[in-house]
Amino acid sequence: MNKWAQQVDEIRRLWLYRQPVVYLPLSATIAEQAGKKYLMLASNSYLGLTHHPAVRQAAIEAVQAYGAGSGGARLTTGTHPLYPALEKDLAAFKQREAALVFNTGYMTNVGVISGLARAGDVIFSDAWNHASIIDGCRLARSETVVYQHGDVEDLRQKLQQTPCSGKRFIITDGVFSMDGDIAPLDRIVPLAEEYDACVIVDDAHATGVIGPGGRGTAAYFGLKGRVQVEIGTLSKALAAEGGFAAGDESLIEILANRARSFIFSTALAPATVAAAHAALRQLIAEPEMVDRLRENAIYLRSKLAAAGFTALPGDTPIIPVILGREETALDMARALQERGVIVAAIRPPTVPPGSSRLRLTITAEHRQQDLDKAVVAMQEAWSSLKQGGNGV
Ligand code: PMP
């Protein structure tokens, strides 16, 4: 066996083997695989806008007007007219001076962190931040200090104890991607102000999801203007692909000049930018979608609890049901799929060992009967595993 095959073997032995799976998304809530239709409870398209007629139409028109690809990086020839229009509306939506669109949320985090933090600076990063934040910290030539998840006292101690000759940054997910909990920004921001630290919040799972009209975590806590950089994705509630950073005009100018993931990559296709813009317009026109999403989250969480499943607390649409062992999470996901429901099994290294889980995500487009069906499938899947002696 060659050395690569040995490594693959090792990954399988640890129950950590992964492979992209092909799904045909028929709507925001239904996916097809091998001719069979499934209820989708594993998508981040929180508002279900991926299939909205206006969003699709915007993409079609952009392809016809501007072609398939952008053909250049943003600072060369890739900035077609749809870009400034989207950036202006994103800035207005976030009530900030300016916004800059990147190709993915991942590239936004990597670019913002490594573009802003310099040698001599210190980045204080929540232990459960997304991989793209971790990678951004690794790329930056600054020291990174990891504080315990959501623990403001630990953050305070680390701010006190860490010498810093440059700037301090505090970076956190707004809504944590795997636990669905909300960062305690109401306590982080006053602490940051004490230490003159720049706060960066990654609202990948908060944009279109929490805060008035889905404006994200700073708005949720009424902290507008006190968070220096608000990051978001265009790939989840905004139904397309891409990411953005919003903040003061000069900060955005620094990013356009220093964020390498912005500078050295071909700009998004026009259709993608147009689709994200149409989704943003839809969100602004119909903020009730955000309320519907929250009602669905509360409904599914209460039904799961009534059926005996312990989901982590909260009211966001990320609903983690902790199962512990990797194989239990995988077996449950498989048993659910047999019952027509797609749910993600999340394992290390995405989450800490021993906290493998099902991660249910819902959208504003799910109906209560869909959610009822999911709970029945969960009960049946669990009983079948227990009967099968899977050690659950
Ligand atoms: N930040 C967080 C918190 C995420 O969960 C994700 C994606 N899952 C990203 C950033 C990356 O966003 P994208 O998928 O648009 O690259």
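Visitor: Which residue in β9 is the bridge partner of D202?

Guide: Before the pairing itself, please keep in mind that this is a predicted model. The bridge partner of D202 in β9 is I231, and this pair belongs to a setting in which β8 and β9 run parallel and are joined by three bridges.

Visitor: How many bridges join β9 to β10, and do the two run parallel or antiparallel?

Guide: Four bridges join β9 to strand β10, which covers residues 243-247, and the two run antiparallel. As for a particular pair, T233 has G243 as its bridge partner in β10.

Visitor: Are the residues of β9 buried or exposed?

Guide: Buried here means under 20% relative accessible area. Strand β9, residues 229-233, is mostly covered, with five of its five residues buried. Reading the side chains by direction, V229, I231 and T233 point one way while E230 and G232 point the other way, and all of them are buried.

Visitor: Which backbone angles deserve a second look?

Guide: The general idea is that most residues other than glycine have a negative phi, and that most peptide bonds are trans. In this structure W15, although not a glycine, has a positive phi of about 65°, and W15 lies in the loop between α1 (3-13) and β1 (24-25). D196 is another non-glycine residue with a positive phi, of about 55°, and its place is in the loop between α7 (185-194) and β8 (198-202).

Visitor: What relative accessibility do W15 and D196 have?

Guide: W15 has a relative accessibility of 37%, so it counts as partly exposed, whereas D196 has 68% and therefore counts as exposed.

Visitor: Where is there a cis peptide bond?

Guide: The bond joining P348 and P349 is cis, with an omega of about 5°. P349 is located in the loop between β13 (344-346) and β14 (356-361).

Visitor: Which residues gather in a patch of positive charge on the surface?

Guide: A residue can join such a patch if its relative accessible area is over 30% and it has no salt bridge. The residues that gather in the positive patch on the surface are R118, R141, R258 and R260. To follow one of them, R260 is found in helix α10, residues 260-263, and R260 is exposed, with a relative accessible area of 58%.

Key. Residues numbered from 1 in each chain as written. Predicted model: local features only at pLDDT ≥ 70, side-chain atom pairs only at ≥ 80, totals over all residues. Heavy atoms only, no water. Patch = residues over 30% accessible without salt bridge, like charges linked within 9 Å, V, L, I, M, F, W, Y side chains within 5 Å. Areas by Shrake-Rupley, 256 points an atom, 1.4 Å probe, with all protein chains shown as cover. Salt bridge = Lys/Arg side-chain N within 4 Å of Asp/Glu carboxyl O. Lys, Arg positive; Asp, Glu negative; His and termini not counted. Charge placed at Lys NZ, Arg CZ, Asp CG, Glu CD. Buried < 20%, exposed > 50% of the residue type's maximum accessible area, 1.4 Å probe, protein only. Pairing = 2+ DSSP bridges.
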